[in-house]
Amino acid sequence: MLAVRIRLPTEGVGDWWPRRGARRSTGRGGVRGRGGVAIHDLLGRAARYVSGKLDALRGAGVDEAARALWQLQPQAGATQRIPREWRDLVGPEAKYEEQAEAGARFHERAQVSAEPALLEVSISLLTEAQAAAPVDHRNRGVYLACLGSAYELRFQRTGVRSDINRAVDFGEEGMAAVPEGHIDRVFALTSLASSYHSRCEFGGGGSSDLERAIELGEQAATYDRRDRELALTNLASCYAHRFERDGRPGDLERAIELGEQSVSGTPKDHPARSLPLANLQLAYRLRFERDGVSSDLDRSIALGEQAVVGARDDDPDGGGDCSNLGEAYRSRFDRDGVPSDLERAVTLGERAVQATSDGQPSRVKYLSNLAITYWSGFQRGAGPRYLERAIEVAEQGLAATPDDHVNRAMYLSNLGTLYRSGFERNDGSRDQAERSRYLARAVELAEQAVAATPDEHVDRARHLSNLAGLYFLRFDAGGERIGYTALRHLEAQVSRTAGASPVHRVHAGHSAGSLAQAMDDPSSAQRLLDAAVKLLPSVVPREAGWADQEHRLKEHFGLVGEAIAAHCANGDATGAVEIAEMGRGILLAAHLDTRTDLTELEEAHPVLAQRFRENRNRLNATAAGRGRMPAENASVVADRKQLWNEHDALLTLIRQHDRFDRFHLPPRLDELRPAATGGAVVLVNTGYRRSDAIIVTADAAPVPVALDRLTLKDCMARTTQLLDATRAGSLTAALSKQRVIPEILEWLWTSTVEPVLTALPTSIGTVESKPRLWWLPTGLLGIFPLHAAGLPGRPGALDHAVSSYAPTLRTLADSRSRPAATTRRQLTVAIERTPGRPDLPHTVTEAASLHAHAPDPPPLIGEDANLDNVLTALHSATWAHFACHASADLAAPSRGGLRLADGTLSIPDVSRLHLTAAELAYLSACSTADRGVQHADEVIHLASAFHLAGFRHVIASLWPLDDPLAAVAAHAFYRRLPDTPAADRAALALHHATRELREAQPDRPDLWSSLVHSGP
């Protein structure tokens, strides 16, 4: 929270305010000041600027005058000891109007100077002026308001709480004495609001202080007078603070609205423009943290840079601008991992700390922010010294934080997280005893954080999440476990965090549910994890682009798998499948929702149907187009946010009508079961305590299968092996792949596939006497070739079943519901040479072979295979074959795509197509079915994108393809397909083609086991 600083105007506020252009006079010497210090020279220099009034002083001249008066004040009782030029300010002859004028000038200068005499003299002069002024004096209220503001500023510098209490008291008295309509009413209201805000944030005040600050700020904002921009930015800061405290969504939007008004109304050359820029920067960063829209973060950084550049180098309160901007860079580093962002964040954070003294209340926040920045660097591999520095800085901050500080619980929780990282750092640098002490310290701090957080506080969910995660870690390490009563109490606390952001509520439910699962309490685990999964769609910023959405979802990896495991532990196979559908493929489901058939709604409620269709079309239109993601365009994001609000309101209206109460809600298993017609869908899941498969058929209850030999630990180890072997391009990796993949196929067979095949009901549909299966793996299991599992030299999955894959049951049901193509119009794309990538000479052979079989239209080869030609051809094609390079971005899967002659046909580009007659897409390119690790449950890859575009069947690869073998595989596949427009035997054709390749090279499963089919 940015400390609010009152910037007093430099001229024209009331008759008494400092005025420019006054004449100067000389001063006298010979006086000794406090502590016996000779101040002859000091007074002499100051006197050159003084002529009865201080209105002509600038910069260091004001500082010298303040030091002179500070030294002179002990002589106030002896008029003869006071130089004549100073007697209007000090001593029996002092004039209260002159004292007020000088006090205001010193206060003004104190806001940009660290000279302590400025505030001391300002407070002294203003105290005497308000006491001497008649009660009914027209400016006495302003004297009091300015005195209150001076006390607030001194509190911000020293942290002495009596000062902030005096600031509020004098401010209230002053505001009451400034009548409505007075020229300085805005100043009185704004300065008092700032004092209340400071007391709430740093002085032990409660929510009532913040409410009073907002009340006063709203009154000040109604005045159309000078200082209004200052009133707006201070009010914006109050709303941002209340959002941080209570999580009210409207507060953050109000903060941004007011902040934008303040920035636009402040001239670019105004010396105080950095303040509204910095406050607005903070509001945009808070909204990014809440919604995850990257354009908000980019805007925050741009504003923050302007604020830092525009701030005075000697501004004693400028640390907040640096700290907040550093936090924005740290957030972007957390998101994108760019080292320069971390370097900038550290530089700014260190500068903020160095700019503050030990007593300043804001210093503890700057230390906390800096600690988290160092921790972020450690988390991204910057080295152990970053963690050590993080703990050092955080301990300093906590030691300086009062017990009743508004953010103490957050600092406790953050420090606990740092000690947790110290425990998890198992690099041999610490023995087990020291690591255990780190864990004990982390738990202690997290417990204190929860105890210090009120039930209704917005951060309580975050602190509970950290605490539950530490309890789990301690239990997993073989340490102490909490009792079941404590676990139920934790569950109850998590359930009462409805005011927190969905992101933190999901984290809390995931952590507490995983703890309950580890403690063998599946009932509590199921309740907690189900609640978290149901919130998952709400963490996605629907108004943003794919990259922002998938980034938010990857934070919750593993949640769905634990929820499935909890249902299985409770004997609820149906619930396990339904929670898997609810929590997986969220982005795919959102895209399918945009194409829901509205026939029934049109027949029953045509007006609502028309409004819903128009809203949906506008949402689709704003998401269309290649190039920059919508999240990078702030106006597009704002428009889409409004459209989504209208969309949700329409859904509420529609669901109020009979027969439409489940309109656009996740389908139940009974509605999805027909997707398994003709075979069985096999959901495969692994969790912390158990692993399971669930066999779903069209006409019977789901069949659970316990997979006792499948563990999450083994799955993680095999994942590392597979990724190391398939994603590196070295000769060593190629040789490793030949060794690793046969081992993985053996493990898959014994741990997963064989138990499933043994448990298959005898009544399921078959193809050529083999069971027809659709594998639906969750989490890390999604990167493995289950269809090719087996022991060397012995019959395996390819000999027992015809396999396909499905991203979700719903996508399979959607593919099955589309009518098969009635004509075959073939699009063939082949690119032999791609800059920066190895040549693919066999793609031309691949295209020629396919063209001979389907000669019309001609293939797009080389430079003809550009984005415009391919997109145009896709709209008329029913079959499509791509033989080219593909790119996969494992950090942001949606950035991957097919490499065409003039650019990348990205996953969003493909998914936004709406092809009503599309039948088969064969993606003879590398890793087109690789879902990655962090986004495994979202199943974001080119194969799923082509399904979204409308293709019923897709052939793709789990890892990079061998160019010569890719051409052989494609030829074998097409040779086995019937010469019909429909491709309903695509799975069987690929099954036989894979077996043919296996027969040719039985010891090279790395070559023949990567191709997979998805579709009915």
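Author: The model is predicted. Asp63 counts as buried because its relative accessibility is 9%, and the cut-off for buried is under 20%. Asp63 sits in helix H2, which covers residues 60-72. What does its side chain meet? The side chain of Asp63 makes a polar contact of 2.9 Å with the side chain of Arg109. Another polar contact, of 3.3 Å, links the side chains of Asp63 and Ser113. Leaving out residues up to four places away in sequence, Asp63 touches Arg109, Ser113, Glu115 and Leu118.

Now the empty space. Rolling a probe the size of a water molecule over the atoms shows where such space is left. The structure holds 10 cavities of 30 Å³ or more. The largest cavity has about 150 Å³ of space. It is lined by 17 residues, and Tyr805, Ala929, Arg931, His941 and Val1012 are the closest to its centre. Strand S5 (770-777), helix H38 (942-949) and strand S15 (1011-1014) each give at least two residues to this lining. By class, the lining of the largest cavity has 10 nonpolar, 6 polar and 1 charged residues.

Next comes the second largest cavity, with a volume of about 120 Å³. Its lining has 14 residues, and Leu553, His556, Phe557, Asp937 and Glu938 lie nearest its centre. Helix H23 (546-554) and helix H24 (559-569) are the elements that give two or more residues to this lining. By class, the second largest cavity is lined by 6 nonpolar, 5 polar and 3 charged residues.

Note on methods. Residues are numbered from 1 along each chain as its sequence is written. This is a predicted model: local features need pLDDT of at least 70, side-chain atom pairs count only at pLDDT 80 or more; totals for chains, interfaces and linings use all residues. Side-chain values use heavy atoms; hydrogens and water are left out. Helices (H or I, at least four residues) and strands (E, at least two) are DSSP runs, numbered from the N terminus. Buried means under 20% relative accessible area, exposed over 50%, partly exposed in between (1.4 Å probe, protein chains only). A polar contact is a pair of N or O atoms within 3.5 Å; within protein, one must be able to donate a hydrogen and the other to accept it, and residues adjacent in sequence count only if both atoms are side-chain atoms. Contact means heavy atoms within 4.5 Å. On a 1 Å grid over the protein atoms alone, a cavity is a set of points where a 1.4 Å probe fits but cannot get out, and a pocket is an open set with protein on both sides within 12 Å along at least five of seven lines; lining residues have an atom within 4 Å of a point. Grid points are joined across faces, edges and corners, and a volume is the space filled by probe spheres set on the points. Ala, Val, Leu, Ile, Met, Phe, Trp, Tyr, Cys and Pro count as nonpolar, Asp, Glu, Lys and Arg as charged, and the others, Gly among them, as polar.
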